[in-house]
Amino acid sequence: MDFSILFESWDLYLDGFITTVWMVAVALVVGLIIAIPVGIARNSKNPIIYFPAWAYIYFFRGTPLLIQLYLVYYGLSQLIEVQGTLWQEAWFCALFVFILNTAAYTSEIIRGAINSLPKGEIEAAKAYGMSTPQSFRRIILPSAMRRALPAYSNEVIFMVHGSAVAGIVTIVDLTGAARIVNSRYYAPFESYLFAGMCYMVLTFTIIWGFKKLEQRWLQHLRPIV
């Protein structure tokens with residue numbers, strides 16, 4: 001084993017690390033914005049509101065992320081003209097799929113968090129004379145988002161790991177960088193082991209960050225003894 005190749009390729013790994021971080025970060029932020037109304041719609045009793053949200057979640061949770069990426073990156077050109085548009089860019093297709101995928105999972109997390117709220121909180125909001133939109137804005141959503149933190153941390157970690165499929169469609173993320181280093185030096189152990197260590201650093205940083213948030217925002221839910 002020759003780990004000196006890692007020093008020769010550090011700039012490639014750095015670019016791949018930055019690409020992975022920004023793509024995952026954008027996907028999570030936009031996905032969360034989409035997930036909140038979808039999660040609320042999923043709880044609706046009106047089939048016109050409920051069914052589209054259910055179908056969207058069912059598809060993206062029921063199919064592998066890689067298949068979704070292939071459908072957009074390779075299959076979209078059979079339906080629309082992609083030449084000269086962002087749809088022919090691998091990074092845009094991957095980011096689009098990441099956003100829709102994480103939004104589907106996150107909306108289910110939010111839906112579950114809303115359903116797990118104590119009825120007393122909702123009744124107290126009604127007793128204060130709040131309308132349904134006011135109750136969601138002031139009471140239900142803030143409380144549900146705090147309660148969803150442990151489950152959402154798992155989704156963030158999944159998104160970091162799932163982003164590795166971006167390297168398959170020519171994007172030089174961490175996995176793509178490892179693939180290039182391996183093709184240059186024929187050193188699969190060194191190249192992919194280092195990429196795995198970078199993913200571990202990201203994962204444990206995320207875990208640490210969410211632990212801090214849980215200590216701050218979920219302290220009132222801890223048992224006294």
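Here is a short walk through this structure, from its overall build to a patch on its surface and a pocket.

Keep in mind as you look that this is a predicted model. Taken along the principal axes, the C-alpha atoms fill a box of roughly 70 × 55 × 25 Å.

Look along H2 and you will find a kink of about 30 degrees at Ala-35, shortly before the proline Pro-37.

H2 also matters for the next stop, the surface. A nonpolar patch there takes up about 920 Å². Which element gives the largest share of this patch? That is H2, with eight residues. Val-29, one of the patch residues, lies in this helix. Among the other members of the patch are Trp-10, Leu-14, Ile-18 and Trp-22, along with Leu-86 and Trp-91. As a rule, an α-helix has 3.6 residues a turn, so residues three or four places apart point the same way.

Finally, turn to the largest pocket, which holds about 290 Å³ of space. It is lined by 14 residues, and those nearest its centre are Ile-122, Lys-126, Thr-132, Phe-136 and Ile-140. Helices H5 (90-115), H6 (119-127) and H7 (132-147) are the elements that each give two or more residues to this lining.

Terms used: Residues numbered from 1 in each chain as written. Predicted model: local features only at pLDDT ≥ 70, side-chain atom pairs only at ≥ 80, totals over all residues. Heavy atoms only, no water. Bend = angle between axes of the 7 residues up to and from the residue. Helix = DSSP H or I, 4+ residues; strand = E, 2+ residues; numbered from the N terminus. Patch = residues over 30% accessible without salt bridge, like charges linked within 9 Å, V, L, I, M, F, W, Y side chains within 5 Å. Areas by Shrake-Rupley, 256 points an atom, 1.4 Å probe, with all protein chains shown as cover. Salt bridge = Lys/Arg side-chain N within 4 Å of Asp/Glu carboxyl O. 1 Å grid on protein atoms, 1.4 Å probe; cavity = no way out; pocket = protein on both sides within 12 Å on 5 of 7 lines; lining within 4 Å. Points joined across faces, edges and corners; volume = space filled by probe spheres on them.
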